[in-house]
Amino acid sequence: MTLYFDTKVQFLDSEAISTVSCWHPVEPLFAVASYSNERGGSVTIFDDTGIPLRDVSFPVHATSQATVLTWHPERKLLLTGWENGEIHAWFEGKRDFATVSGPHKSPIVLLEFSEKGGRVITADAMGVLTGWRFDGQSQFLTMFNHDLRDPLLHITFRRSVQSASSRELTNLARAAVAGDEAALDQLTSWRPRTAVRNLAHASVHDNYCFYACTQAGILYYINQTGTCTEIVRGDTIPIMQILWHPKQDSIVILMEDITIGHYEVDSNGQIGELDRVKLSGKVSGSKSAITWVAGCALAILTGDLSVRIWDIETNDNYVLSMELAAGTDRPPAGAAAQEAFTCVAYCADTQTLSAGTSQGQLYTWRRAAGAGYAETQWQLTNVTPVRGTIKSLVWGTTDANRPCMMVNCLSSVFVLKEQSLLSAHARHLWATQRKSNELLVRHASGREAVLRTDIAIIHLALSELHVVVTNGRTVAVYRIEQAGTMRAGEAEANALVVAPAENFPVDCVAVYLYEQSIVTLGTEHVKIYSLSGIILQELTFGGNEGR
């Protein structure tokens, strides 16, 4: 059985209210902008456990707040846009945020990196759009500037889509590695030099072209030199989202009235309609109402408590089931007459789709490929209550390369990690996890104790005398006292006693007990400690040996 355990992010200012948040695409880091009456606006960077980074001086502005955050797609580089038009950047290893001088005088509303991070686009509330070149070190150079005189709602960079020959070569290589001799023969005889060179070149290409849509419904295409071309002048219905197709040169456009169009794109950015559907409902103000799932299908929010899937290749569409899988307990339902989904996000690694509601419920579906019809492949696995209206939801990765979710509510930010309930046993003792920070420890004689820890438990070890738990950053040691026997009327006096003994900081993904020693397993090392936290031995592994 698995559950989602939540960890509340602790701001440096306890009175702060979160505004916007952003998780790094490949690193276990996320940033949250907050605001409080005492300190004003601030931006804080956290690790995957919800702890602020050490040795970083986070920016604070008494009368302004951060309006948008974005991470570099590969580097540990954060850009922040502010209400007063300022742009600040944080680089890995630096203590302070650097100021990026720009032309903006009004609130920054959009801030986006290109696919590989070589170009940055900023836009403000007055419709001023600026393109920057990132030199790969610490400089942002202005490349072009456009005054569109209309607030922009969305920016989507063009993606580098792998060609058919490159996909064929990739599939042959995978089959050859898996042991297919016919694929290996075909791979070695099929233009190996040019094919490999072209594939390598495609893997590092960065596309600077992008689409920008405005409040008035106008769609612009800006090419790599900064030339701006008007593509579509709509009927004043704002374009809320643009998604680039993962397998071909085409885009999906979501209008505010939930009209969804699929368009092919030529080399100059001109579009041609392939398909269009009109759904009932409205997604006013939502920045995450559609997302790609399972290849070429779209998950769509329609302003109510339902998620619709539309496969743009087969044209199949259906609504996901809201019935939990058999054997799963649903949390108690409250008064939610006006409850509706507010955001949706998909994790391709686990094929998990999550959607948050206006009443603080987090719904999670998991897809089982090959399980009959497409509609029956999705199974609702969890409904997790969180505190407050869910504004945004994004998938990230932990330090152990496991997927997790960041949930941004009106008053709090939570990190949710899916985990199987833990258990461990010794000769006469066993321990079972009941909550993220709670264990039930039971003796063979029938005595038991409930251990509540100060940390979330991601791994545990048990012996006859000790129980050791960790949250990945701290190891806590508890002493088990088994004196006495259980007789009628003396159950309380002779109850099992689990008392705290020691705790010490160490980064690890697992802990083990061996006699009187604690073994901690990290991503690049193994450390052995005494029960009092004294390090006895350390084994370090190089990067070429893996994690």
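## Second largest pocket

Strand E1 gives the largest share of the lining of the second largest pocket, five residues. Strands here, like helices, are DSSP runs numbered from the N terminus (strands E, at least two residues; helices H or I, at least four). The model is predicted: local features need pLDDT of at least 70, side-chain atom pairs count only at pLDDT 80 or more, and totals for chains, interfaces and linings use all residues. Residues are numbered from 1 along each chain as its sequence is written, and side-chain values use heavy atoms, with hydrogens and water left out.

The pocket has a volume of about 770 Å³. Of its 41 lining residues, Thr7, Thr49, Lys417, Ala456 and Asn471 are the closest to the centre. Strand E1 (2-8), strand E31 (403-409) and strand E32 (413-420) are the elements that give two or more residues to the lining. By class, the lining divides into 15 nonpolar, 15 polar and eleven charged residues.

The terms are as follows. A pocket is an open set of points on a 1 Å grid over the protein atoms alone, with protein on both sides within 12 Å along at least five of seven lines; a 1.4 Å probe that fits but cannot get out marks a cavity instead, and lining residues have an atom within 4 Å of a point. Volume is the space filled by probe spheres set on the points, which are joined across faces, edges and corners. Asp, Glu, Lys and Arg count as charged; Ala, Val, Leu, Ile, Met, Phe, Trp, Tyr, Cys and Pro count as nonpolar; the others, Gly among them, are polar.

## A four-stranded open sheet

Four strands form an open sheet in the order E22-E23-E24-E25, with antiparallel pairing. Strands pair if DSSP finds at least two bridges between them. Strand E22 (290-293) and strand E25 (317-319) stand at the edges with a single partner each, so one side of each has no neighbour in the sheet. Neighbouring strands are turned by 25° against each other on average, direction ignored. The axes are lines fitted to C-alpha atoms.

Within this sheet, E23 (residues 297-301) and E24 (residues 307-311) pair over five bridges. Ile300 stands opposite Arg308 in E24.

## Hairpins

Strand E16 (residues 218-222) runs antiparallel to strand E17 (residues 228-233), joined by five bridges. Ile218 has Arg233 as its bridge partner in E17. Five residues lie between the two strands of this hairpin, and Gly226 in the turn has a positive phi of about 95°.

E34 takes part in two hairpins. Three bridges join it to strand E33 (residues 423-425), with three residues between the strands. Six bridges join E34 to strand E35 (residues 438-443), with two residues between them.

## Individual residues

Thr432 lies in E34 (residues 429-435). Thr432 is partly exposed, at 34% relative accessible area. The classes are buried (under 20%), exposed (over 50%) and partly exposed in between, for a 1.4 Å probe and protein chains only. Val450 is 18 residues from Thr432 in sequence and 9.7 Å away, C-alpha to C-alpha.

Gln241 sits in strand E18 (residues 239-244). Gln241 is buried, with a relative accessible area of 5%. A polar atom of the Gln241 side chain lies 2.7 Å from the backbone nitrogen of Ala289.

Thr63 lies in the loop between strand E5 (60-61) and strand E6 (66-71). Thr63 is exposed, at 64%.

Key. Polar contact = N/O pair within 3.5 Å; in protein donor to acceptor, adjacent residues only side chain to side chain. Axes fitted to C-alpha atoms, helices over the stretch in contact; angles between N-to-C directions.
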